[in-house]
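Hi,

Here is the structure I promised to pass on. Please have it open while you read the notes below.

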Amino acid sequence: MSPITLPPDCRVGSTLLQLDSVDSTNSEIKRLAAQSAPDGLVVTARRQTAGRGRAGRTFHSPEDCGLYLSALLRPQLPPEAVAHFTAWTAVAVCDAVEATCGLRPQIKWINDLILNEKKLCGVLTELLLTDGRPDALVVGIGINVNHRPEDFPPELRESATSLAMELGQTVDLEELTRALILALNRLYADFPAQRANYLRRYRADCLTLGRLVRLTTPTDWRDAVAVDIDEEFRLLVELPDGSREAVRTGEASVRGPNGYL
Ligand code: BTN
């Protein structure tokens with residue numbers, strides 16, 4: 001990828017490191033943050049050798065197929081608002097994909113992006129602590145861009161897709177990267193004042209709403225219907241006895257009863 005040029009007032013990407021190969025762009029940002037890296041630092045890589053997903057999963061990151069990007073941000077936020085930031089990021093990624101490719105993904109609560117019922121993108125947000133206090137966020141985004149079906153490992157071929165597979169043509173990775181950085185920069189400027197705006201758009205993009213979901217914890221599972229996203233970006237579910245609960249990210253994994261969705 002050639003060097004990305006950004007407007008001079010762009011806070012996100014004001015320092016931009018475009019690597020060929022790295023273990024994980026999130027891990028690289030963490031290492032640089034420990035050496036006082038600046039707010040707004042963005043790291044991209046053409047491939048990751050140990051890409052990380054949520055819940056300790058790996059994120060398959062073959063060379064020149066995907067967009068693997070992490071940003072170091074220092075918003076003023078209490079730790080419990082990290083979930084908001086993660087949800088806002090999903091909206092920003094939808095904006096960037098729509099601006100570049102003309103199609104808008106949907107969001108599977110809380111932050112997987114979906115096209116045609118298959119996973120297109122994942123977001124891994126990590127909170128950095130200094131002396132036990134929240135100090136910075138690492139927002140890591142992995143989008144399947146120019147993968148062909150054979151670029152995915154066999155176990156993901158049924159549940160994952162890429163922009164190229166959906167559009168029937170390759171996508172300019174550089175253009176998408178630039179659009180994503182600009183969308184993150186807008187998000188950063190909007191946070192937290194534009195909460196109503198991002199919540200409205202999150203609800204509109206969220207495909208989990210109205211669906212049967214399975215709330216899975218390490219010890220059991222319950223089926224419920226997803227009815228709303230509340231002001232804290234929690235998933236509001238209705239249980240078979242008619243009672244309602246608000247589910248926080250990390251409290252339960254939400255899946256359809258028959259698989260990924
Ligand atoms: C998930 O789907 O569970 C989240 C996947 C997040 C992947 C991105 S790729 C860029 C950044 N670096 C990583 O190691 N992970 C994130």
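Buried here means under 20% relative accessible area. Keep in mind that this is a predicted model.

Start with helix H5, residues 195-205. Its buried residues are Tyr198, Leu199, Arg201, Tyr202 and Asp205. What covers them? The cover includes helix H2, strand S4 (106-108), helix H4 (173-190) and strand S9 (221-229).

Now take H2, residues 82-101. The axes of H2 and H5 come within 10 Å. They cross at roughly 65°, which makes H2 roughly perpendicular to H5. The crossing is left-handed.

Which residues make the contact between H2 and H5? From H2 they are His84, Ala87, Trp88, Ala90, Val91, Cys94 and Asp95. From H5 they are Arg195, Tyr198, Arg201, Tyr202 and Asp205. Sorted by class, that contact has seven nonpolar, one polar and four charged residues.

Glu126 sits in strand S6, which spans residues 118-130. Is Glu126 buried or exposed? Its relative accessibility is 12%, so Glu126 counts as buried; the cut-off for that is under 20%. The side chain of Glu126 makes a polar contact of 2.9 Å with the side chain of Lys30. Setting aside neighbours within four places in sequence, Glu126 is in contact with Asn26, Lys30, Arg52, Ala136, Leu137 and Val138.

Best wishes

Terms used. Residues are numbered from 1 along each chain as its sequence is written. This is a predicted model: local features need pLDDT of at least 70, side-chain atom pairs count only at pLDDT 80 or more; totals for chains, interfaces and linings use all residues. Side-chain values use heavy atoms; hydrogens and water are left out. Axes are lines fitted to C-alpha atoms, for helices over the stretch in contact, and angles run from 0 to 180 degrees between N-to-C directions. Helices (H or I, at least four residues) and strands (E, at least two) are DSSP runs, numbered from the N terminus. Angles under 35 degrees count as roughly parallel, over 145 as roughly antiparallel, 65 to 115 as roughly perpendicular and the rest as oblique. A crossing is left-handed if the near helix is turned anticlockwise from the far one by less than a right angle, and right-handed if clockwise. Contact means heavy atoms within 4.5 Å. Ala, Val, Leu, Ile, Met, Phe, Trp, Tyr, Cys and Pro count as nonpolar, Asp, Glu, Lys and Arg as charged, and the others, Gly among them, as polar. Buried means under 20% relative accessible area, exposed over 50%, partly exposed in between (1.4 Å probe, protein chains only). A polar contact is a pair of N or O atoms within 3.5 Å; within protein, one must be able to donate a hydrogen and the other to accept it, and residues adjacent in sequence count only if both atoms are side-chain atoms.
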